[in-house]
Amino acid sequence: MSFDPEKNAAYASEAGYSNGYDHQNGNGIGNGHRKSSIPGLKENNVAVGEAADLYGDISDAEHYGYVARGLKSRHIQFIALGGTIGTGLFLGIGTAFANYGPLSVLLGYTLTGIAIWAMMQCLGEMAAWLPLPGAIPQYCARYVDPAMGFAVGWNNWISASLTLCAEISAAAVVIGFWNDTINQAVWISIILVVILCLNIFAVSIYGEAEFIFASVKIVTIVGLLLLAFIIDLGGSPNRGQPDGQGRLGFRYWKSPYEAMKAYHNTGNKNTGRFLGVFSTLVNAAFSYGGVEMVAVAAGEAENPRKNIPKAVRRVFWRILFFYVLGSLAIGVTVPADDERLTNGGGARASPWVIAVSRAGIPVLPHIINAVILTSASSSGNAFLFTGSRYLFALAQNRQAPRFLLKCTKAGVPIYCVLITCSIGLLTYMTVASSASTVFGWFLTLTTITSLFTWVSALIAFLGFRKACRAQGVQDSDKPFVAIW
C-alpha cells in the first residue's frame with residue numbers, strides 16, 4: 001500500500017486552520033467547523049456549512065442535514081474515562097485468570113494498555129486536527145486510500161454492532177444472577193429499547209446518559225480497588241473465623257498456586273507460560289475495545305480542538321487505574337483455581353463478586369452486579385452511538401447508500417442508528433443457547449475486528465504525518481501532538 005503525498009497534502013491543507021478554523025477562540029465556527037466556501041451560505045448555519053463542504057453541494061446539505069455538536073466538555077471527558085468500560089473488565093476477565101493465572105493477566109493487560117495508549121496518541125493528533133464523525137474510516141480514506149476507508153469503515157461498523165450484541169448478552173447474563181426463570185428475550189427487548197431511546201432523540205441525551213453511567217462506573221471501580229487493598233491487608237469481615245481469610249498479600253501467586261499457568265498441555269512449561277501471556281491478550285483486547293470512541297465523538301463535540309486533547313491525555317489514567325490496577329487487585333484477592341471462575345454460571349463467575357463473597361461481605365455482590373448491569377447497558381449504548389457514526393462516515397465517503405446521511409432536526413443520523421440497532425436483534429440467539437456461550441462467540445469476533453481497527457488508525461497516522469510534511473504543517477500548528 002503506497003501513500004500519495006500530493007493527495008495527502010491537499011487533505012492536510014483542507015483540514016488546516018488556514019481554511020477557516022478559529023484556533024484562537026475555539027468557539028462559534030471554530031468549534032471544529034470550517035467556514036463554508038459556498039457563496040450565499042449564512043456563516044451562523046454551522047452544521048449545514050460543514051455538511052456543504054463535505055458533500056460539495058448546498059442542496060444535499062440542506063436535504064440530508066448534519067450531525068450536531070451537542071457533546072459538552074464533561075461528556076467527552078467522561079466518555080474518555082469510562083464510556084466503553086463494560087463487561088470485559090467485570091466479567092470476561094475471570095476466564096483469563098482461571099486459565100492463565102494472575103501474573104499472566106497483569107502482564108497481558110499492561111502490554112495491551114501500552115499499545116493502546118500509543119495508538120490513542122496517534123489517533124488523538126488526527127482527531128484534534130480534523131474532527132469528523134466516524135474518525136478512523138475518514139482518516140484512512142483521506143490519508144491512505146479510499147479502498148482502505150471502505151474496508152475499515154465496514155469493519156468498524158461490524159465490530160461496533162457485534163460488541164453491542166455482546167454487551168446486551170452480558171446484561172442478560174447479569175440479570176440471571178437475580179432471576180433466571182423469566183425468558184431472556186424479555187430483558188434483551190427492554191435493554192434494546194432503552195439504548196435505542198438514548199440514541200435516537202439528540203446526541204446531548206446520549207452524552208448525559210454516558211456522563212451518568214461513566215460516573216457510576218468510575219466511583220465503583222475506585223471503591224473496588226480500595227476494597228481489594230483492604231481485603232489484601234487482612235481487613236475482611238470474616239478474618240479470624242475458621243473459614244475466613246486473613247492477610248493475603250501475594251499468597252495466590254505462590255505455591256501451591258500458580259502465578260503463570262501454561263497454555264494447555266504445552267510440553268515445555270516455560271514455553272507454555274509464555275504462550276499463556278499471549279493468550280490473555282485476547283481478553284485484554286476485548287476489554288479495551290471502544291477506547292477509540294473519543295475520536296469518533298470528536299465530530300459531535302463542542303470545541304474539539306480543546307476537549308479532544310484533554311480527553312486523549314486522560315486515557316493513560318484510565319488504562320493505569322482501571323485495567324492495570326484492576327487486574328492486579330483481582331489477582332491478589334481471588335485464587336486462579338476458584339471453581340466459580342469457570343463454573344459459577346453467569347454473573348456469579350465475576351472475579352469481583354467472588355472476591356467479595358470470599359471476604360464474607362453479604363450484600364455487596366448484589367451491588368456489584370447492579371453496577372455490571374449498568375456497565376453493560378452503558379457500553380451497549382456507547383457502541384450503538386459509535387456504530388451508527390461509522391455507518392454515517394461510510395455514507396459521507398459515498399461507500400454506503402446516500403439515504404444514510406439523513407439526519408433529524410436534532411442532528412441524529414436516524415437511519416444509521418436504526419440499522420445498527422437492528423443488528424442487536426442477533427442477541428436473541430441467547431434464547432436458544434446459553435447466554436454465556438453466545439457472549440463468548442461475540443467476544444472472539446469483536447476482538448479480531450478491534451485489532452484491525454487499531455492497526456488501521458496507525459497506518460492512517462503514517463499517511464497523515466506524510467501529508468503534514470508535504471504541506472509544511474508544523475507541530476506547533478497542531479492542537480495536539482503525539483509524543484513521537
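**Exercise 1.** Within what distance do the axes of helix α4 and helix α13 come, and at roughly what angle do they cross? Describe how the two helices pack.

*Solution.* The model is a predicted one.

Step 1. Two packed helices are described by the angle between their axes and the distance between those axes. For α4 (residues 73-82) and α13 (residues 304-333), the axes come within 7 Å and the crossing angle is roughly 30 degrees.

Step 2. Angles under 35 degrees count as roughly parallel. The helices α4 and α13 are therefore roughly parallel to each other.

Step 3. The crossing in which α4 passes α13 is right-handed.

Step 4. On the α4 side, the contact is made by Ser73, Ile76, Gln77, Ile79, Ala80 and Leu81. These meet Asn307, Ile308, Lys310, Ala311, Arg314, Arg318 and Phe322 in α13. By type, the residues of this contact divide into seven nonpolar, three polar and three charged.

**Exercise 2.** Determine how α8 and α16 are oriented, and state the make-up of their contact.

*Solution.* Step 1. The axes of α8 (residues 146-175) and α16 (residues 364-396) come within 8 Å and cross at roughly 160 degrees.

Step 1. Angles over 145 degrees count as roughly antiparallel. It follows that α8 and α16 are roughly antiparallel to each other.

Step 2. In this pair, α8 passes α16 in a left-handed crossing. The contact of α8 with α16 comprises 16 nonpolar residues, nine polar and one charged.

**Exercise 3.** Describe the backbone at Ala135, Arg398 and Pro256, giving the place of each residue.

*Solution.* Step 1. Most residues other than glycine have a negative phi, and most peptide bonds are trans.

Step 1. Ala135 has a positive phi, near 55 degrees. Ala135 is placed in the loop between α6 (102-129) and α7 (136-143), and is buried, at 0% relative accessible area.

Step 2. Arg398, which is not a glycine, also has a positive phi, of about 60 degrees. Arg398 is found in the loop between α16 and α17 (414-423). With a relative accessible area of 54%, Arg398 is exposed.

Step 3. The peptide bond from Ser255 to Pro256 is cis, with omega near 15 degrees. Pro256 lies in the loop between α10 (203-232) and α11 (269-288).

**Exercise 4.** Is Thr427 buried or exposed? Locate Thr427 and name the residues that it touches.

*Solution.* Step 1. Thr427 is found in the loop between α17 and α18 (429-432).

Step 1. Buried means under 20% relative accessible area. The value for Thr427 is 0%, so Thr427 is buried.

Step 2. Leaving aside residues up to four places away in sequence, Thr427 touches Cys165, Ile168, Ser169 and Ile188.

Technical notes: Residues are numbered from 1 along each chain as its sequence is written. This is a predicted model: local features need pLDDT of at least 70, side-chain atom pairs count only at pLDDT 80 or more; totals for chains, interfaces and linings use all residues. Side-chain values use heavy atoms; hydrogens and water are left out. Axes are lines fitted to C-alpha atoms, for helices over the stretch in contact, and angles run from 0 to 180 degrees between N-to-C directions. Helices (H or I, at least four residues) and strands (E, at least two) are DSSP runs, numbered from the N terminus. Angles under 35 degrees count as roughly parallel, over 145 as roughly antiparallel, 65 to 115 as roughly perpendicular and the rest as oblique. A crossing is left-handed if the near helix is turned anticlockwise from the far one by less than a right angle, and right-handed if clockwise. Ala, Val, Leu, Ile, Met, Phe, Trp, Tyr, Cys and Pro count as nonpolar, Asp, Glu, Lys and Arg as charged, and the others, Gly among them, as polar. Contact means heavy atoms within 4.5 Å. Buried means under 20% relative accessible area, exposed over 50%, partly exposed in between (1.4 Å probe, protein chains only).
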